[in-house]
Amino acid sequence: MAEDRNFDDFIHLATKIVAVTNNYADHVNEIGYSPTERGGQTTVFMKPISAFITQGQSILFPAGCTALNHEVELAVIIGRLACGVSEADALQYVAGYTIALDMTIKNQLIEEEENPKVDGALDGPDRNLDPMLFMSPGLPWDISKGFDTSCPVGPFIRRERVADPNDQQLWLKVNGQVRQFASTKDMLYSVPCLISCISRRVTLFPGDVIMTGTPGGVGKVVAGDIIEAGLGALAQIVFHVGNKTH
C-alpha cells in the first residue's frame, strides 16, 4: 500500500520526474518510425522537478525555441519506496495519478538527434532483458525536455478513483481545437511494466512522477495559445503559453 501521507502536494514531495518516449504506436508512426526500429523504440529520460508548474502558472516559451510541441500524458505518482518492483506488484506502489504535459523544444531535440553523443541501446524488446532503452542517439535531452515550466501537471487523483490506468481517455485541445484524443489502453508498455522496468534501474521515492508517453497528434504551440487537456472526466487542466524568455 502507498505510504500514509498527503500526496495532494506531490510536486513538493517528488525527487524526480521519469519519462518515456514512443509508448504509443500512432505517435511512433507520426514521427516516421515503427516501434521495432531504433528511432521508434521506447526510451527513458528524466526531467528536473523545476519543470513542474500547476494551474495558474504559464508555460514559458523558451529562448531560442522555434518549435514548441505539446504532448499530453498520463502521469503516475509513486506512493512508497520502489526498487526492483515486479510487474505483478507494481500498482501497489502507486499513490495516484494526474494529467500532465511534456512540453518539448522540438527544434533543439532535432539538433540533438542529428548530432548523437551516445549509443548504448539495449538489445531488442525482449522484456526478459529490458524492453526499454535507457540511452539512445541524441540523448541526453536535458534542455529540450527539461526546461523550466516544461511539465505542467493537474491535481492529484487517488489511486482508488482510477479503476484501470491502462484504460483511461486522454485528450488535448489548443485554442478549443482537438489535437490529441486517445486511450491509455493503446500504450505499448503498460503502467505496471513501466514501474517495474524503471525501478529495476532507478529507485523511486514517494511523490516521484512517471510520465507514461504521449499518443499521436503532437503539434506546435505559439505564445498566446491556450492548452486544455484532460484525463477522462477525472481531471482537466488549462495552461496559457506565455511570451518568449530571454
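Which residue forms a salt bridge with Lys145, and how far apart are the closest N and O atoms? The partner is Glu71, and the separation of the closest N and O atoms is 3.3 Å, a salt bridge being a side-chain nitrogen of Lys or Arg within 4 Å of a carboxyl oxygen of Asp or Glu. Lys145 lies in helix α3 (residues 142–146) and Glu71 in the loop between β5 and β6, so that the pair links distant parts of the chain, 74 residues apart. Both Lys145 and Glu71 are buried, where buried denotes under 20% relative accessible area, exposed over 50%, and partly exposed in between (1.4 Å probe, protein chains only). Salt bridges with shared partners join Lys47, Glu71, Asp102 and Lys145 into one network.

The structure is a predicted model, in which local features require a pLDDT of at least 70 and side-chain atom pairs count only at pLDDT 80 or more, whereas totals for chains, interfaces and linings use all residues. Residues are numbered from 1 along each chain as its sequence is written, and side-chain values use heavy atoms, with hydrogens and water left out.

The pLDDT, the predictor's confidence in each residue on a scale from 0 to 100, averages 85 over the chain, and 79% of the residues score at least 70. Across residues 114–129 the pLDDT is below 50, and this stretch has 29 contacts in the model beyond near neighbours in sequence; a contact requires heavy atoms within 4.5 Å. Where pLDDT is low, the predicted coordinates should not be read in detail.

The chain contains four helices and 16 strands, assigned as DSSP runs (helices H or I, at least four residues; strands E, at least two) and numbered from the N terminus. Of its 246 residues, 53% count as buried. Among contacts with a separation of 6 or more, 79% are between residues 24 or more positions apart.

Strands are taken to pair if DSSP finds at least two bridges between them. Strand β5 (residues 68–70) pairs with β8 over two bridges in the antiparallel sense, and Leu68 stands opposite Ile105 in β8.

Helix α4 (residues 191–199) is largely enclosed by the rest of the structure, because nine of its nine residues are buried. The buried residues of α4 pack against β1 (17–20), β6, β7 and β13 (209–211). Ser196, found in this helix, has a relative accessible area of 6% and is in contact with Val85, Ser86 and Glu87, neighbours within four places in sequence being left aside. Gly84 is found in the loop between β6 and β7 and touches Ser199 and Arg200, not counting residues up to four places away in sequence. The C-alpha atoms of Gly84 and Leu204 are separated by 9.6 Å, although the two residues are 120 residues apart along the chain.

With a disulfide defined as a pair of cysteine sulfur atoms within 2.5 Å, the count comes to zero. Cys193 is in no disulfide, and the nearest cysteine sulfur, that of Cys197, is 3.8 Å away. Cys193 is buried at 1% relative accessibility, and Cys65 is likewise buried, with a relative accessible area of 1%.

In total, the structure holds five salt bridges. Asp208 pairs with Lys16 in one of them, with the closest N and O atoms 2.8 Å apart. Asp208 lies in the loop between α4 and β13 and Lys16 in the segment before β1, so the pair ties together parts 192 residues apart in sequence. Both Asp208 and Lys16 are buried. Glu160 forms a salt bridge with Arg158, the closest N and O atoms being 3.5 Å apart; Glu160 counts as exposed, at 51% relative accessibility.
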